[in-house]
Amino acid sequence: MILQILIFAVSIFLIIRGATLSTKFSGRIAKSFNLSNYVVGFLIVAVISITPEAFVAINSAISGVPSMGLGTIFGSNIADLTLVFAIVVLVAGRSLKIESKILKSNLIYPFFFLIPIALGIDGAYNRGEGLCLIIAGVIFYYLAFHQSQEGEEKKSKIKFDKKIKKDILYFVLSLLALLVGSHFIVESGVKIAEYLTISPAVIGLFFIGLGTVIPELLFSISAVKKDQDSLAIGDLLGTVLADATILVGLIAFIKPFEFPIKIIYIAGIFMFAAAFMLYYLMRSGKILSKREGYLLILFWLIFVLMEVTIHF
């Protein structure tokens, strides 16, 4: 037990350090390649950030309990879209600025979450449906990247000097530290929960689901403290979209699986509602205020209450 607590503490340090450094060097890379902070966060950091959920979900599918992985993905997505956004706003101590290009490139963002719900309405995902989810995710990423780059000044040539190469190396190393930390914090958190004889439902919701959002939470907090709001927003939105489409699709393509239908009817619907509400709040005044942050926390608490009521 003491060893697991030690691993948990070391993992937190790795995540904090990795999040801080990855924010710093991703910003440099964005300037070097003439990419906006939003694109770097949405495409690069977000894809890396889903690795903890991917590890849990793929291993749960291989182990014969895919519903645990699916629940973790949906649960972490709801936390990202509500609780994490709210914490980032409150820690920043100010409203988050929403660039017009973010609203434009994410016009159909909430509706992409209807795809995994519609395909999983029968309580199962097959390989064909998994492939459809992967394709849907790739299409959205392409559209988001293309639209976000409109109007951006293009550089005629990018010079890969030593400075850029060093920034890329440090960026990759910082993400590796973040990923290693996120993996062990989930692993040790689960073992601690089992030692305390907490039910599997609570472990999945509060330890695995919330544990996997720590990387993007700390990354986004670090970004907004440096006034890089687009980097933080891009990371969170990109992570959730990749989880709900590409990751779920990849799991189904590797090994088709069945799951309790209530995951779709509760967690799935809450995930879509959270995405729709967040987009509406961002679009309303092109900012995300503290007041709206409290509303997002309330939404997450309602989701938790629903899950606890059903499982207990």
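What follows is a short tour, from the overall fold to a few local spots.

This is a predicted model, where local features need pLDDT of at least 70 and side-chain atom pairs count only at pLDDT 80 or more, while totals for chains, interfaces and linings use all residues. Residues are numbered from 1 along each chain as its sequence is written, and side-chain values use heavy atoms, with hydrogens and water left out.

**Overall picture**

- The protein has 13 helices and four strands; these are DSSP runs numbered from the N terminus (helices are H or I, at least four residues; strands are E, at least two).
- Of its 312 residues, 52% count as buried, meaning under 20% relative accessible area, with exposed set at over 50% and partly exposed in between (1.4 Å probe, protein chains only).
- Take the contacts (heavy atoms within 4.5 Å) between residues at least 6 apart in sequence: 87% of them join residues at least 24 apart.
- The accessible surface comes to about 14,000 Å², and 70% of that belongs to carbon and sulfur atoms; the areas come from the Shrake-Rupley method with a 1.4 Å probe, and for residues only the protein chains shown count as cover.

**Helix α4**

- Helix α4 covers residues 66–92, 27 residues in total, and reaches 37 Å from first C-alpha to last, close to the 39 Å expected at 1.5 Å a residue (the expected span is 1.5 Å times one less than the number of residues).
- At aspartate 80, α4 bends by about 40°, which is the angle between axes fitted to the seven residues ending there and the seven starting there.
- Most of α4 is covered, with 20 of its 27 residues buried.
- Just past the end of α4, glycine 93 takes a positive phi of about 75°.

**Aromatic rings**

- There are nine aromatic pairs, counting rings of Phe, Tyr and Trp (its six-membered ring) with centres within 6.5 Å; planes under 30 degrees apart are stacked, over 60 edge-to-face, and the rest tilted.
- One of them is the tilted pair of phenylalanine 272 and phenylalanine 276, at 6.1 Å centre to centre and 40° between the planes.
- Both sit in helix α12 (residues 262–285), four residues apart, or about one turn of the helix.
- Phenylalanine 272 counts as buried because its relative accessibility is 19%, whereas phenylalanine 276, at 42%, is partly exposed.
- Ring pairs also bring in Phe111, giving a cluster of Phe111, Phe272 and Phe276.

**Aspartate 167**

- Aspartate 167 lies in helix α8 (residues 162–195) and counts as buried, since its relative accessibility is 5%.
- Setting aside neighbours within four places in sequence, aspartate 167 is in contact with Phe25, Arg28 and Ile29.
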